[in-house]
Amino acid sequence: MSASLTAHSLSFAWPDGTAVLDGLDVSFGPGRTGLVGVNGSGKSTLLKLLAGELVPADGTVRAAGEIGHLPQNVTLDTGLRVDQALGIAGQRAALHAIEAGDVAEEHFETLGDDWDVEERALATLGELGLGHIGLDRTAGEVSGGESVLLRLAALLLRRPDVLLLDEPTNNLDLYARRRLYQAVASWPGVLVVVSHDRELLDLVDQIAELHSGEVTWYGGNFSAYEAALAVEQEAAERMVRAAEADVRKQRRELADAQVKLARRKRYGQKMWDSKREPKIVMGARKRAAQESAGKHRIMHQERLAEARERLGEAVEAVRDDDEIRVELPYTAVPPGRQVLTLENLETACHARVRGVLDLRGPERIALVGRNGSGKTTLLRTVAGELAPLAGTVTAHVPLRFLPQRLDVLDDALSVAENVARFAPGATGNRIRARLARFLFRGARADQEAGTLSGGERFRAALAALMLAEPAPQLLLLDEPTNNLDMASVRQLTTALESYEGALIVAGHDLPFLESIGITRWLLMEGGVLTETTPGALADPA
């Protein structure tokens, strides 16, 4: 029997009563499925329900085979040895005891037929680029990205029939991502992955879109899904235009009918007043005319109501793909103008910039490298948050830094109040007008920052920095696409296309970096910052 995972009439709500899923039916069979949807649509909740980590309010989940789940936020006990994190410590201890001559029955029961457990574990670690860590080190000695791969290695060793991955590339550097892509591409069973990583989603066999509480299926990878969605939206927009034209037509016909009926009424009254026909005949004619007029009016009103209903349905079929619109003329940097100078710099983590590095004009720099190589430390040093150990940092224009944690926002303040902190001279009306361009309109601008979703929080933090006074002519962004859904990534890309200042973006998401018009690529490797090209990063060793 082939592996599968099926949910029937699945419903779930948070303790405060907020409904997430209501009567959802979905089934996943063999192959790789990308589960997509906007932030807050319930993707992570659905994976937890499928994995049995949450209990549904109603409905059932049935699995044919064992399930393995890699959650979005991976946390490991730092005191665990690597073999314990992999779940093989008991088998490994039994193997070593047998090899040492202890032939107690419990050792053979613990080991079973898994005599090559160590070799398999080391091979799996090697495939994921973790061969250097061994089985006896502790989880506290590995980086955040390595801990994600370690959890994945534990799942691969278990060989589950169904594998659920939730944003697995978050916090992974380019090299670790390549290892993950290889593992996904070669997965033989059922795999469901939630991700905003285009490159990963282009490895799947089909896309399941969770939208408005329902799942819609699209054959092919994410690129094919986007193409199909574009065709759907073009057709939906044509339907809206046709429905709008029909509404206008029905309004005209109703108005024309009312004019004709008014003329007939005036003519009938004139005939009645002149008494040109017998009273009984005129009375019968008047009643027939009133009845006909009533039916005629009702018919046109019904047609108009139906046309409006069709318009409403057509409008609902069109996605709300609002884009951030930024018009900040004071952020513009003329070509050739000196923006930033780094000279013989050594950061707190001992990463070095040899000689002089100049950033001029509206350049867009991508800062890439392995996790732990010192990219964030360099950005914090440029932003003035950390003092250099040696050398100098000279910013020639106003700059702002958006860290991964988005802790530039005060959770107790509203979105508008947070922006006001960065632009104390701006009026409330001016702030709200500008926030509307970042899709915080009306009451949304009054939401407390602590209640925002991940995508909304990022948008609010970006708005606070880009609307700051003085206007920033250099933006420093650290892993900006982490935890953003595809719609939010598109909104970010649009906002950065409109931004006329200089950019330094630290990241591992190559498709995103290429989409924002990067002009220079800097690689932090071995403690030294050097120029590179995207081609050199495409297939890291």
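A residue is called buried when its relative accessible area is under 20%, exposed when that area is over 50%, and partly exposed in between, as judged with a 1.4 Å probe and protein chains only. The model is predicted, so that local features need a pLDDT of at least 70 and side-chain atom pairs count only at pLDDT 80 or more, while totals for chains, interfaces and linings use all residues. Residues are numbered from 1 along each chain as its sequence is written, and side-chain values use heavy atoms, with hydrogens and water left out.

Most residues other than glycine have a negative phi, and most peptide bonds are trans. R159, although not a glycine, has a positive phi of about 55°. This residue sits in the loop between α6 (144–158) and β6 (162–166); helices (H or I, at least four residues) and strands (E, at least two) are DSSP runs numbered from the N terminus. With a relative accessible area of 55%, R159 is exposed. E167 is likewise not a glycine and has a positive phi, of about 50°. Its place is the loop between β6 and α7 (174–185), and at 9% relative accessibility E167 counts as buried. A cis peptide bond, with omega about 0°, joins E469 and P470. P470 belongs to the loop between α14 (454–466) and β15 (474–478).

Attention now turns to charge on the surface. A patch of positive charge there is formed by R248, K249, R251, R252 and R308. Members of a patch have over 30% relative accessible area and no salt bridge, and like charges are joined within 9 Å; a salt bridge is a side-chain nitrogen of Lys or Arg within 4 Å of a carboxyl oxygen of Asp or Glu. Helix α9 (residues 222–274) gives the most to the positive patch, with 4 residues. R308 is found in helix α10 (residues 279–317), and at 44% relative accessibility R308 counts as partly exposed. A patch of negative charge on the surface gathers D102, E105, E106 and E109. Of these, E105 lies in helix α4 (residues 105–111).

At 11% relative accessibility, T493 counts as buried. A polar atom of the T493 side chain lies 2.8 Å from the backbone oxygen of V489.

Note on methods:
Patches are made of residues with over 30% relative accessible area and no salt bridge: like charges are joined within 9 Å, nonpolar side chains (Val, Leu, Ile, Met, Phe, Trp, Tyr) within 5 Å. Accessible areas come from the Shrake-Rupley method with a 1.4 Å probe; for residues, only the protein chains shown count as cover. Lys and Arg count as positive and Asp and Glu as negative; His and the chain ends are not counted. The place of a charge is taken as NZ of Lys, CZ of Arg, CG of Asp or CD of Glu. A polar contact is a pair of N or O atoms within 3.5 Å; within protein, one must be able to donate a hydrogen and the other to accept it, and residues adjacent in sequence count only if both atoms are side-chain atoms.
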